[in-house]
Amino acid sequence: MALTKLTAAVNSKRKAVEDLLTSIKRARPSEKFSDRSRYKDSMQEENNGIVLREFYPPEMTNERAKQYVAGVVERPIETLEKAILETKEDRENVRVRNAVVHWFKCDLRTRDNKGLHLASEKAKSEGVPLIAMYLVSPQDFQAHLTSPARVDFILRSLEVLKADLSELDIPLYVETVEKRKQIPHRIMELCEKWGVSHIFCNTEYEVDELRREAALTRNCLQKGIAFATVPDTCVVSPGELSSKGTGGQFAVYSPWFRAWCAYLNSHQSDLNEYPRPEKNPISARECFKDLFECLIPSAPPNKQLSVEEKKRFRSMWPPGEHEAAQRLQKFISQRINKYSESRNLPAGNSTAVISVHLASGTLAARTCIREARNANTSKSMDAGNPNIMSWISEIAWRDFYKHVLAHWPYICMSKSFKPEYTDIHWEYNAEHFQAWTEGKTGYPIVDAAMRQLNHTGYMHNRCRMIVASFLSKDLLIDWRMGERYFMEHLIDGDFASNNGGWGFSSSTGVDPQPYFRIFNPLLQSEKFDLDGAYIKKWVPELRDLKGGKNGPVHDPYGRKADNVAKKNGYPRPVVEHKFARDRALARYKEGLARATA
Ligand SMILES: Cc1cc2nc3c(=O)[nH]c(=O)nc-3n(C[C@H](O)[C@H](O)[C@H](O)COP(=O)(O)OP(=O)(O)OC[C@H]3O[C@@H](n4cnc5c(N)ncnc54)[C@H](O)[C@@H]3O)c2cc1C
């Protein structure tokens, strides 16, 4: 990439960061809450854009978080389970009327989609048509910090979905609902208008979504509509596995993964593919003519890409389930056998790069595991080809983090999984944060990774860990600012995995690396990008420097390449690692002592 192009891209990113910082400053100040004892003083968090007060209450106290753990406060997943159980009989007695709806959310595919399959079966059993629906919610995009690249990917995937459904004579109705709170009301209104008696959807595990679906389950019934939300996004759904020792929920990955493998080894049929929906009766085209004519809207004003960005993201990330299936097949047939040895090398094309499809649901995690199992020499999840086992265990991390989200819901409310790490005194250094976002920290591996994110909407997993550790420990900046920046820029942004990854790297999350384990960016760089190919690709200022052990590309100012770095405008390190390491150790220790005093 030419230096000028990169400078232009960086300038445009700088503007985006400036806008972000301005919007953060404009965030509403603390409001009075009726029960203030539930909330801690979170002015610092609010001023730094961590607690989004436009949508959510202030950060809760540690005591309140512990009440969730102790089961004193009902978890949203329990609220939903109760609603499902208590309405089961009445919902089963609802008679089918004119049509059945499948409500698409993060499951934009026709293949191997449980909710869609059940909706199709219901429609077929009564000889009525199936209607597919997707509601665009600009406020949800805002509250969930969905990146413009991801919104664009979703809208493009909807075009593919619409074409696929149309071949089955199924209309895809898409509508923009401006206020997120209006969604349930609008769903019921549409169902009444279309004479729909049954709605199906797949469950999402974020707090607002679980509460909304619990309310929909009950409220739809009042209107004579049976609302069914079913587990589909995970291979093994949250709640299926509980710790044999305590009967409680797993808070550590390894024993959870053993239970996950054992469960799937003995429930192989859970990996069976759900068939695509049946064709609608041809009369559906006449009855629901308007719905077939419905267009996919363009991105809402708060999530627009520039013309150049649109072109770039479109060429890098083709949308839809067919592309996802091809990517998966190619990875399994050509690259999975080298996964263990090469998965940590960011310069190589060694991982599947399917997270964008899993996040938008153009691919099911179940499909990935089934195809990997079929390519393995053993049908067990924890036996056979070590490369395939290793890849399966990565998909399991995705499940694990959704399990954590469902059972420790306060992580969705800006609270760290380990509340005892809430009282660390962070540096809210705006200059350092900006340098990190722009890839100008003076640490080449960190800068390469951040520029990859800014340019492509994606970052290699090893680099996500390096930059997250660098922000939270070397810069000692509140990890939640990095979590937010990631969500706002990743094309594969997924709350549970992103929060889990940030919690791991900042040592505040579930099963994290201990706080005293601090990545040395230089050693990471030499270990995982030895010849500097990744750095040279994304930091062209350093492309003429030598890689290898002790090579200046990893540390130009520390390894006598000042002249080249300076001439090309590459910055000096914003902090010294040794100083930063000692500072982080002291601050984490003090914070922990404060919280546990
Ligand atoms: C700080 C941080 C933030 C992250 N944010 C996200 C995010 O917003 N969305 C997201 O999908 N992943 C996130 N991850 C996990 C991981 O980096 C990506 O899933 C992975 O890089 C995607 O590339 P891939 O599809 O080639 O993965 P592969 O290595 O081919 O793995 C296959 C799939 O397994 C899952 N997976 C792999 N590693 C992890 C992991 N560590 N945690 C959870 N799932 C995993 C993903 O769904 C991935 O697509 C984050 C990790 C960190 C450390």
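Reply: D112 is buried, because 24 other C-beta atoms lie within 10 Å of its own, where 20 or more is enough. Everything here is read from a predicted model. D112 sits in the loop between strand β1 (99-104) and helix α5 (114-126). Its backbone stands out. Phi of D112 is near 50 degrees, a positive value in a residue other than glycine. Put together, D112 is a loop residue with positive phi and a buried position.

Is L145 buried or exposed? L145 is buried, because it has 20 other C-beta atoms within 10 Å, and the cut-off for buried is 20 or more.

Now the domains. Domain 1 covers 76-234 and 278-292, and domain 2 covers 416-596. Their centres, taken over C-alpha atoms, are 40 Å apart. The two domains do touch: nine residues of domain 1 and 10 residues of domain 2 make the contact. On the domain 1 side, four of these residues are nonpolar, three are polar and two are charged.

Next, a helix pair. Helix α8 spans residues 183-194 and helix α9 spans residues 207-222. They pack at an angle of about 35 degrees, with 10 Å between their axes. The crossing of α8 over α9 is right-handed. From α8, the contact uses P184, I187 and M188. From α9, it uses R212, A215, L216, N219 and C220. By class, this contact holds six nonpolar residues, one polar and one charged.

Further along comes helix α17 (residues 365-375). Its buried residues are A365, R366, T367, C368, I369, E371 and A372. These pack against three helices: α14 (321-335), α16 and α18.

α16 (355-360), α18 (386-407), α21 and α23 (495-505) are the elements that give two or more residues to the shell around the ligand. α23 gives the most, with six residues. How many residues surround the ligand? There are 28, and the closest are T351, A352, N461, N498 and G501.

V467 is buried, because 31 other C-beta atoms lie within 10 Å. What does V467 touch, beyond its neighbours within four places in sequence? Its contacts there are V446, A449 and M450. M450 is 17 residues away along the chain, yet the C-alpha atoms of V467 and M450 are 7.6 Å apart.

Key: Residues numbered from 1 in each chain as written. Predicted model: local features only at pLDDT ≥ 70, side-chain atom pairs only at ≥ 80, totals over all residues. Domains from an automatic or database assignment. Contact = placed C-beta atoms within 7 Å. Nonpolar A, V, L, I, M, F, W, Y, C, P; charged D, E, K, R; others polar. Buried ≥ 20, exposed ≤ 12 C-beta atoms within 10 Å, placed from the backbone. Near = placed C-beta within 6 Å. Helix = DSSP H or I, 4+ residues; strand = E, 2+ residues; numbered from the N terminus. Axes fitted to C-alpha atoms, helices over the stretch in contact; angles between N-to-C directions. Left-handed = near helix turned anticlockwise from the far one by under 90°.
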